[in-house]
Structure formats: C-alpha cells, structure tokens
Amino acid sequence: MPTQVNAGAPFLASASPVSPAGNIRLALFMALPELLSEFGQDPQTVLAAVGLNPGLLGQPDVLVPFENVDRLLQHSRDATGCEHFGLLLGQRVRLSLLGALGFAMKSAENVATALADLSRYRALHDQSALITLERDGELVSLRYLVTQLAVAEPDQIYDYAVAVGCSLLRDLCGQAWKPSRVMFRREKPARPAPYEKFFRCQIIFDNDWAGLEFHSRWLGVAPAGADPLLYQHMLREIRELDDAARDSAEDLISSLRLLLYKRHCNQGEAAAMLGINTRTLRRHLTSAGTTFRAELEAVRFQRALVMLEKSGLSALEIAEILGYADLSTFSHAFKRWSGVSPAHWRRSAGSRGLA
C-alpha cells in the first residue's frame with residue numbers, strides 16, 4: 001500500500017472546499033533520473049532543490065504532494081533548458097509502472113474496459129486530478145483535469161499527463177496507434193515540433209481541456225495481453241487496494257468533490273463513478289456530518305467564485321453552467337452562501353484586484 005510522506009515543502013494555502021491536497025505515486029516518475037542524467041543534470045540535486053528527499057527515488061510506492069511534483073517538473077524544465085521536459089518524461093511511462101492497475105488494463109477484454117478502470121481507480125496513482133472518458137458520436141476523448149485550484153496552471157503536469165495517456169494507449173493498441181487530435185490547455189510552445197513528432201496528429205493548444213481524441217472503434221480492440229482469468233484476479237487486487245486507499249470518509253469525500261467539480265451529476269451517478277453504491281456513499285457522508293446536497297452546493301459555490309472573478313461570463317451563463325434553472329435561483333443560492341449578490345461579489349473581487 002502506498003505511503004504518504006511530507007516531502008519537506010509546505011502545501012499552498014487554500015480556502016477551497018473542493019481542492020484537497022492531492023498526492024501522486026512516485027512510481028509514475030521512475031524514468032525521471034535517467035532523463036535528467038541525459039541532460040547532464042544530477043537527479044539528487046534536482047530533487048533536493050524542490051524539497052524532496054533524494055532517497056525517495058528508490059521508493060515507487062511513496063505518495064508525494066501534487067505541489068511538490070509540479071515544482072519538480074518545473075525545476076527540471078529550468079535545469080535542463082527543455083521546455084517540453086514533461087512531454088519527454090510522459091513518453092517513458094508504460095503500463096507496468098501502474099502495478100496491479102497496469103496489469104489489469106493489459107489483461108482487460110478491450111480498450112474500453114481498460115480505460116474505464118484507469119478512470120475509476122486513478123486515485124491509486126494520482127489523487128490530484130480527474131481522468132474521464134467522454135464520447136461524442138464516433139469520437140472518444142480521454143481527458144485529464146488537474147483539480148488543485150491553489151496551484152497556477154501546471155503546463156508541465158499537463159504535458160506529462162497527455163503524453164502518458166498516449167503512451168498507455170499505444171501499450172494497449174500497438175505502437176503504431178495515434179490519436180485523431182490532441183488537446184492542450186497551455187499556450188502554443190515556441191517549438192511545437194517535439195509534440196508533433198510524438199503524437200503524429202493534429203495538435204490544438206490553448207484548449208479548454210487537455211487530453212486525446214480518437215475514433216470509438218479503438219474501444220473494442222483487445223489488448224495483446226487480454227486474459228479473462230488474469231483480469232478478474234487483478235481486478236480483485238486493485239479493488240482491495242482502492243478500498244484501503246479510501247478507508248476514511250475524508251478520502252472518499254475528497255474524491256466526490258473532485259468529481260462534482262468536473263461535472264454536474266446526481267447522487268446515484270456520482271456513486272457509480274466512484275465505484276461504490278449509493279448506500280455506501282450516503283453512509284460515509286453521514287459519518288462526516290455532511291450530505292450529498294451540501295457537497296454539491298459547496299462545489300457550486302467554489303466554481304461560481306472562480307468564474308465570477310476570472311471569466312467574462314455573465315451571471316446567467318454561470319447559472320446555466322452550474323445547473324440552476326434560472327438566474328434568480330442562482331442569485332438566491334449565491335447570496336445564501338456569501339451574503340451578497342453575484343454582481344456585488346464580482347465588483348468587490350475587481351476592486352481587490354486593483355488594490
């Protein structure tokens with residue numbers, strides 16, 4: 001079972017009710033020392049510079065705070081002078097680094113099942129983001145969304161994560177596989193050639209989501225290692241690991257908040273996406289002194305604050321995005337949360353920004 005450590009650097013302070021301190025399993029970064037060495041950098045020096053114990057390099061099951069991983073990739077970029085360092089690192093990730101989850105994905109009956117397991121059990125390796133599979137007609141998108149709101153836009157993390165997604169799909173579908181399009185939240189880099197060389201398809205930068213888009217026919221492809229018996233065995237193992245990782249109500253509620261931040265859904269849908277039944281979800285919420293409705297409203301409030309301050313959307317547009325029937329309902333809810341109207345809060349936020 002992964003061990004969580006205080007890696008020596010403080011978390012960023014955040015008042016967000018939907019941005020718990022996420023952790024990432026170090027196994028996903030086992031290729032980091034080799035890549036740094038290829039650029040002439042000492043891996044131990046780089047880790048120490050961002051407050052990580054160099055001894056952690058030999059402990060793949062350790063969970064490290066998201067902030068530290070983000071700083072590690074940024075510092076690696078600066079130390080090597082390589083703007084696409086995260087991209088290069090993500091290319092080296094293979095299913096085998098995911099342990100039991102990776103073996104389950106390899107032995108799944110098809111790619112659809114493998115990706116569903118990756119999404120459902122992602123917290124075994126990455127508790128800082130959501131991985132979702134979205135379908136629109138014949139097109140499917142595998143998306144990655146960082147949910148640590150207190151951290152500035154982590155370009156290197158997104159570069160790394162999208163490259164990892166492509167690497168894993170090539171493990172499942174064959175190395176000749178390529179997506180139809182690739183989306184990045186970041187601005188277009190000065191040198192896009194390394195991205196074009198790796199993905200071998202159209203790349204869209206400055207998009208509102210990050211991930212890979214591909215034809216739905218790939219979902220029915222059977223991985224080369226498909227094995228029903230092995231899959232059932234590995235599935236039992238990852239479920240046990242996942243149950244242990246979610247042993248506390250706090251962990252499950254953190255996952256619920258991440259999910260609700262990504263999409264509006266009801267209690268039954270949320271429970272299914274978290275891999276539990278509605279009764280179990282309700283029991284954990286009750287033990288923590290909260291309810292599904294209270295968590296949903298807290299997430300709506302946080303999203304409303306972010307959109308009012310950082311977007312040019314009207315209050316009506318925000319109300320529609322958050323799932324309110326009309327502007328009046330949203331305004332009443334916002335005033336109940338904050339004591340002021342959305343318009344008043346937006347004016348106050350603008351005044352603070354000018355101060």
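A salt bridge is here a side-chain nitrogen of Lys or Arg within 4 Å of a carboxyl oxygen of Asp or Glu, and all views below are taken from a predicted model.

**View 1. The salt bridge between Arg25 and Asp61.** In this predicted model, Arg25 forms a salt bridge with Asp61, and the closest N and O atoms of the two residues are 2.3 Å apart. Because Arg25 lies in strand β2 (residues 23-25) while Asp61 sits in the loop between α2 (43-49) and β3 (62-65), the pair ties together parts that are 36 residues apart in sequence. By the rule stated above, the count for the structure comes to 10 salt bridges. Side chains of opposite charge can pair when their charged atoms come close.

View 2. Of the 22 residues that line the largest cavity, Asp126, Ile131, Tyr144, Ala161 and Val164 are the closest to its centre. At least two residues of this lining are supplied by each of β5 (139-146), α7 (155-173) and β8 (210-215), and the largest share, seven residues, comes from α7. Divided by class, the lining of the largest cavity consists of 16 nonpolar, three polar and three charged residues.

**View 3. The second largest cavity and the contribution of helix α13.** The second largest cavity has a volume of about 50 Å³, and the residues that line it are Leu260, Arg263, His264, Leu296, Val299, Arg300, Arg303 and Leu322. Helix α13 (residues 292-310) gives the most to this lining, with four residues. By class, the lining of the second largest cavity has four nonpolar residues, one polar residue and three charged residues.

**View 4. The crossing of helices α6 and α7.** Two packed helices are described by the angle between their axes and the distance between the axes. For helix α6 (residues 111-120) and α7, the axes come within 11 Å and cross at roughly 145 degrees, and α6 passes α7 in a right-handed crossing. The contact is made on the side of α6 by Val111, Ala114, Leu115 and Leu118, and on the side of α7 by Leu168, Leu169, Leu172 and Cys173. By class, this contact of α6 with α7 has eight nonpolar residues, with no polar and no charged residues.

Key
Residues numbered from 1 in each chain as written. Predicted model: local features only at pLDDT ≥ 70, side-chain atom pairs only at ≥ 80, totals over all residues. Heavy atoms only, no water. 1 Å grid on protein atoms, 1.4 Å probe; cavity = no way out; pocket = protein on both sides within 12 Å on 5 of 7 lines; lining within 4 Å. Nonpolar A, V, L, I, M, F, W, Y, C, P; charged D, E, K, R; others polar. Points joined across faces, edges and corners; volume = space filled by probe spheres on them. Axes fitted to C-alpha atoms, helices over the stretch in contact; angles between N-to-C directions. Left-handed = near helix turned anticlockwise from the far one by under 90°. Contact = heavy atoms within 4.5 Å.
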